[in-house]
Amino acid sequence: MVLRGAVQGVGFRPMVYRLAEKLCLAGWVRNSSAGLEIEVEGSSEQLDHFLHLLKAERPQSAVVTSEEVSRVAPAGFIWFEILPSDENAAKSAAVLPDLATCPECLREMLDPDDRRSGYAFTNCTLCGPRYSILLDIPYDRPKTTMRCFVLCPACLQEYESPHDRRFHAQPNACPTCGPRLWSVPGQAEGASAVAHAVEALAQGEVVALKGVGGFHLLVDARNPIAVKRLRERKHREEKPFALLMPSLACARQYCTVSAAEEGMLVSSAAPIVLLQPQGGGDLAPEVAKSSPYLGVMLPYSPLHHLLMAQYPFPVVATSGNRADEPIAIENEEACERLKDIADVFVLHDRPIARSCDDSVVRISGGSPQILRRARGYAPLPVVTPHDLPRVLAVGGHLKNTVAIALGRQVFLSQHMGDLDTVESRQAFERAIEDLCRLYRFDPDLVACDLHPDYASTQWALASGLPIVQVQHHYAHVAACAAENGIETNYLGVAWDGTGFGLDGTIWGSEFFVASPSGFERIAHLRSFRLPGGEAAIRDCSRSAASMVWETFGPGGAGIAFDVNIRVMLEGRINSPQSSSIGRLFDAVAYLTGVADQNRFEGQAAMRLESAIGSIRTNESYEIENQNGIGDWAPLIEALLSDRKADLDLGRIATKFHNALANWIGAVADTTDVRDVVLSGGVFQNAYLTARASALLEEHGFRVFTHHQVPANDGGISLGQAVLAGAFES
Ligand SMILES: [Zn+2]
Ligand SMILES: [Zn+2]
Ligand SMILES: [Zn+2]
């Protein structure tokens, strides 16, 4: 039988070995490039028993995407053995993401009598680095960055014993034979290096720490001067910092943590989870001044555990880079690039094969929503309903990811970030090269966005391969449809900040009746001008001025806007047309006084959502739906009169969100489809998504949202891969 999916490096072979031994079955098991292959001989009763237990006792972190069982003539095996990996088959085995330290390894590290006491690279088949040390497939030690460490006799014995937890644990290591830790300046080693970092944190210094997928920059989150210093040195104005907290109990001290949120925090992916802060803590306000949430993660590597055991306080843990650059992974590179940011470096000699940022997850309506998909998730595949041709999808421009389609599996790269800098574009090219090399993938086709200025589009055009340009919002909804296995016509609602439309204007409030073979744009917002173009993405007053100007005429309801903005609007100078919901959020945030700037993407919308607080009402503004054009003018008018009457901000924000949900319901009612797909960054808004979903379900629709890839542009590459495939076949 053949098991496909993430089945290598999770202790599957020893588990099969022990099972076969227990049931007295002969045969073999091996890792192949397709996944895991097993051949067993025995009576049909024994074999049924084997299959049953194989399912029941499967290793926790294994992700089986398909199972093929076939009967073959008995070969007369005498015993059961684990064969060397077969490398000839197609390279389609899923590689496992990096897994957080398991309780057993943690216990050993903290046990003063254990031979791995205090050892920062402890791992086993249930935990430890995977994707970040992988050089090639199949996943075997010589094909990982652990190949330069020769196992000592004690580790080798563990590695070779099918009864040991470390049987074929590829990154297996101990203080005698494995990677070592040191700090700079001063070259303190091992435990002293950790102590050095602790001392630096206590003194308010910035520590650069080499983690699993790259460097982190750490400061004590309770020290306002230290946090401010880090912001200044890193050139990061306001974007919230994530926190590393020593324990669940500590997270509870600062935030409310639901059962679902707790589940995410302690999962083997161990992402940053966005939590609702509880006031009154001692955190420096500069940590996340402009966000209603705190991004919190728990220690996920032995090194993080050791540090937090000695410094049991919340610590800012942000990517080791300057703003907008990719995360640093090499020792020399980090020491050079971060020399003006960090005071102390904690380094080790286990090379990182590829950078992988921390993932970010938010619980929405009780289920996890991935906002940034990287460590702990990449490169797990998304399984699509049909085989796809060999497509390389290069994604969008913001929050870029790339993807390759292999059969029914789409392998997505880790989050690469915005492609604004030379460094990030290099990282984007490295990720393409890396995925293609790992899977021996030669694309027949490249899928990209329609936007001519995206670096990813330009790369595709220059690749010399046949290309398919996929409209941005069509890719959004197709990604959501694909991960939910929808194949028939559906209503795709794609709401975001920016995407290049078929008519050359900026879209972003799309209702498509769609299928893999095409889409019809059945509704969108009435378009409006964005004075100053791109500048309107940051400055919320521009969208507000434009909508007020359109609603009330040049007199503008007595609201004063910058004279340059008025000149642009009146003269239609540098004011492209847009129908983006993101900009409607900005305008409303500005007019209610909730926010005047987006210092990071979606900031104003996030504040508007959080203004709702615990208010629950069915009151609503109205977006008039006329022949598929959603007119926001009545909404702006009603909102300003509520504002004048001093209506509570929370109520105004709620009425605005309700209007959007009602509009979705009204448009859906005009169609004859039953499935509605919600995609695009705007649906990271938990209130809107919950409200719209409930309403649609009441109207008899089935509603689908994202769970495997982000609703934001991080999911675009999946949609492109699926659609280019449909286009080709
Ligand atoms: Zn472990
Ligand atoms: Zn050893
Ligand atoms: Zn988008």
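This is a predicted model: local features need pLDDT of at least 70, side-chain atom pairs count only at pLDDT 80 or more; totals for chains, interfaces and linings use all residues.
**Zinc site.** Cys152 (SG), Cys155 (SG), Cys174 (SG) and Cys177 (SG) coordinate the zinc ion (ligand 2) at 2.2 to 2.3 Å. Donors are N, O and S atoms within 2.8 Å of the metal (3.2 Å for Na, K and Ca), and water is not among the atoms, so sites may look incomplete. Along the chain, the donors follow the spacing C-x2-C-x18-C-x2-C.

Why is the arrangement tetrahedral? The four donor atoms subtend angles of 104 to 117°, and four donors count as tetrahedral if all angles lie between 85 and 135 degrees. I then checked burial: Cys152 and Cys155 are both buried (under 20% relative accessible area, 1.4 Å probe, protein chains only).

**Aromatic rings.** I found 15 aromatic pairs in the structure. Rings of Phe, Tyr and Trp (its six-membered ring) pair if their centres lie within 6.5 Å. Tyr119 and Phe121 form an edge-to-face pair (planes over 60 degrees apart). Their centres are 5.6 Å apart, with 65° between the planes. Tyr119 is buried at 7% relative accessible area, and Phe121 is buried at 3%. I also noted a cluster: ring pairs link Tyr474, Trp507, Phe512 and Phe519.

**Charges over rings.** I looked for NZ of Lys or CZ of Arg within 6 Å of a ring centre and within 35 degrees of the ring normal. Arg354 lies over the face of Tyr131, 4.5 Å from the ring centre. Arg674 has its charged end over the ring of Phe701, at 4.6 Å from the centre.

**Conventions.** Residues are numbered from 1 along each chain as its sequence is written, chains are lettered from A and ligands numbered from 1 in the order written. Local features need pLDDT of at least 70, side-chain atom pairs count only at pLDDT 80 or more, totals for chains, interfaces and linings use all residues, and side-chain values use heavy atoms, without hydrogens and water.

How values were computed:
Four donors count as tetrahedral if all angles lie between 85 and 135 degrees; four count as square planar and six as octahedral if opposite donors are over 155 degrees apart and all others between 65 and 115; anything else is irregular. Buried means under 20% relative accessible area, exposed over 50%, partly exposed in between (1.4 Å probe, protein chains only). Rings of Phe, Tyr and Trp (its six-membered ring) pair if their centres lie within 6.5 Å; planes under 30 degrees apart count as stacked, over 60 as edge-to-face and the rest as tilted.
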